[in-house]
Amino acid sequence: MKFKKFGKALLMSALSAGVVLGVTSCIQNYSVGYLYVTGTVTAGTSGNGIISGFKIDHNTGFLTPINGLPVSSGGANPVRAILIDGSRFLYVLNRGVNKEGNGNCTTADPCQNSNITQFEVGANGILTPQETFATQGVNPFRIIPDVAGNYIYVLDHDSPDNYNQSSKDGCALALGGVVQTCGDITAFQVNQTTGRLSLVMNNQVTSTLGGGSSSLTYFPVPANPIDFMMTGVAVFVLSGTPATGDSVFPYAYSPINGQLTVSQNSSQTLNITQGTAIVYGLGYIYVLDNEPITVNGVVSSQSQILPFTPIANGGLQAAVSGPIPDDANQSNPIFLTVENKGKWFYVANQGNPSTPTLPLSGISGYVINSPFQPAEIAGTPINYGSGGGSQCLVEDPSSQFFYTANAYDSSISGQEINEQGGNLTPLSQTSKVPDQYSLTGPPTWCLVDGRIG
């Protein structure tokens, strides 16, 4: 049988189309995870904050809004949120508002109606509210889970002792001396089936006020806490003021019952006065500090990163590198994350809200060398231009993209990670998709969920 010329051409076209279809069918666009962002814009007339959500495209990093979101955060002024690995539950810490109805809560003008709201993560990333839980202290502002996801800890700026004149012994009993004001950590056990939280009592400290004897409902920490973090065996609290200087206070952590036990009687001073965050990553504890450092008599940076290794008794050993200068054009570092492969770490800098263009707000990146002597990655920092005021910094589950939520222009910024050098490039320059996405009002925190479906 012979084909005519037209028949041959038609057959070749069909074969070519089959080849093209076969190739393109292997290139699939699918979601690799969900990105959730908390924000302070109220949901309806409730006065509650909101949670926005986006699907992350595996190939491009493009963000698609999740149907049904934003939803109410379950309370006013959401400041942090966490997901427990492998869990279908998300928890939002709503700080509440003061008497004037704003989130500028202080010891003298404390937050009211704070709570933790539990959400179930359903199909397609939908969030369904479940229950709310109260912390034991006042002005809560940080929340973290343990590694196994069995316990959740909340850092309260003010313990009950600061307000209840009849219980002025909790701080002193736990911290020693005549201390009468302190912050605290509220601990919860997580029900692995329902996600429900139950209070963990402080079995290390017993109060005898009122003629009785009972365990404290919280774990006191030094006054004016700034941030806290957890390793597999300990909790470290960064606290202090510009007037007194900053220090780190350790608690030993038990994965069996969630108890926190004072591992040494005094805090470790850091010789800094403007600490902003404490973060754990790849065996190192990093303290971020927003003050100039001087090298050979010359001010070399507007902020710095202090790396430590944890040692016995909850102490910290300064890394051989010493303080690491943040990029000279950046200020107010608020978060640090080590990328999933352990090659680089990145610092989110908020900048200055009164002068958001100088110093700039952006991401500084560093190569993790061995021996530990981090060097800034060529091509960083990544500045945000009209954005800025970073509230968070997260890596997507596929280890391809970084995202920040920016307060100054209510946006999300997306960057692609260069697998060879670790430098970050705006998504618009790599995948030809937007690298900035609008939010409904200023964000406060963000997190990613790699559990799809």
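Strand S1 gives the largest share of the lining of the largest cavity, with three residues. Let me set the ground rules. This is a predicted model, where local features need pLDDT of at least 70 and side-chain atom pairs count only at pLDDT 80 or more, while totals for chains, interfaces and linings use all residues. Residues are numbered from 1 along each chain as its sequence is written, and side-chain values use heavy atoms, with hydrogens and water left out.

Now some terms. Helices (H or I, at least four residues) and strands (E, at least two) are DSSP runs, numbered from the N terminus. Cavities and pockets come from a 1 Å grid over the protein atoms alone. A cavity is a set of points where a 1.4 Å probe fits but cannot get out. A pocket is an open set with protein on both sides within 12 Å along at least five of seven lines. Lining residues have an atom within 4 Å of a point. Grid points are joined across faces, edges and corners, and a volume is the space filled by probe spheres set on the points.

**The whole chain**

The protein chain has three helices and 38 strands. Of its 453 residues, 52% count as buried, meaning under 20% relative accessible area; over 50% is exposed, and in between is partly exposed (1.4 Å probe, protein chains only). Next, contacts, which are heavy atoms within 4.5 Å. Among contacts with a separation of 6 or more, 53% join residues 24 or more positions apart. The accessible surface is about 19600 Å², and 54% of that belongs to carbon and sulfur atoms. Those areas come from the Shrake-Rupley method with a 1.4 Å probe; for residues, only the protein chains shown count as cover.

**The cavity**

How many cavities of 30 Å³ or more are there? The count is one. The volume of the largest cavity is about 40 Å³. Two elements give two or more residues to its lining: S1 (31-43) and strand S2 (48-57). Lining residues include Val37, Thr38, Ile50, Ser52, Gly441 and Pro443. By class, five are nonpolar, five polar and none charged. For the classes, Ala, Val, Leu, Ile, Met, Phe, Trp, Tyr, Cys and Pro count as nonpolar, Asp, Glu, Lys and Arg as charged, and the others, Gly among them, as polar.

Gly441 comes up again with Ser410. The side chain of Ser410 reaches the backbone oxygen of Gly441 at 3.3 Å. Ser410 sits in the loop between strand S34 (401-406) and strand S35 (411-417). Is Ser410 buried or exposed? Ser410 counts as buried, because its relative accessibility is 14%. Leaving out residues up to four places away in sequence, Ser410 touches Tyr437, Ser438, Leu439, Gly441, Pro442 and Pro443.

The largest pocket has a volume of about 1400 Å³. Its lining has 44 residues, and the closest to its centre are Leu83, Asp85, Pro145, Tyr280 and Phe335. Which strand gives the most to this lining? S38 does, with five residues. The lining divides into 25 nonpolar, nine polar and ten charged residues.

On to the second largest pocket, at about 980 Å³. It is lined by 31 residues, with Val79, Arg95, Arg142, Gln350 and Gln391 nearest its centre. S38 gives the most here too, with three residues. This lining has eleven nonpolar, 17 polar and three charged residues.

Strand S5 supplies at least two residues to the second pocket's lining. Ala81 is found in S5. Ala81 counts as buried, because its relative accessibility is 5%. The C-alpha atoms of Ala81 and Val37 are separated by 8.6 Å, yet the two residues are 44 apart along the chain. Beyond its neighbours within four places, the contacts of Ala81 include Thr38, Ile143 and Trp445.

The peptide bond from Leu69 to Pro70 is cis, with omega near 10 degrees. Pro70 lies in the loop between strand S3 (63-65) and strand S4 (71-72). Another cis bond joins Ser370 and Pro371, with omega about 5 degrees.

Then phi. Asn77 is not a glycine, but its phi is positive, near 60 degrees. Asn77 sits in the loop between S4 and strand S5 (78-83). Asn139 also has a positive phi of about 60 degrees without being a glycine. Asn139 is found in strand S9 (residues 138-145). At 1% relative accessibility, Asn139 counts as buried.

Notes:
Polar contact = N/O pair within 3.5 Å; in protein donor to acceptor, adjacent residues only side chain to side chain.
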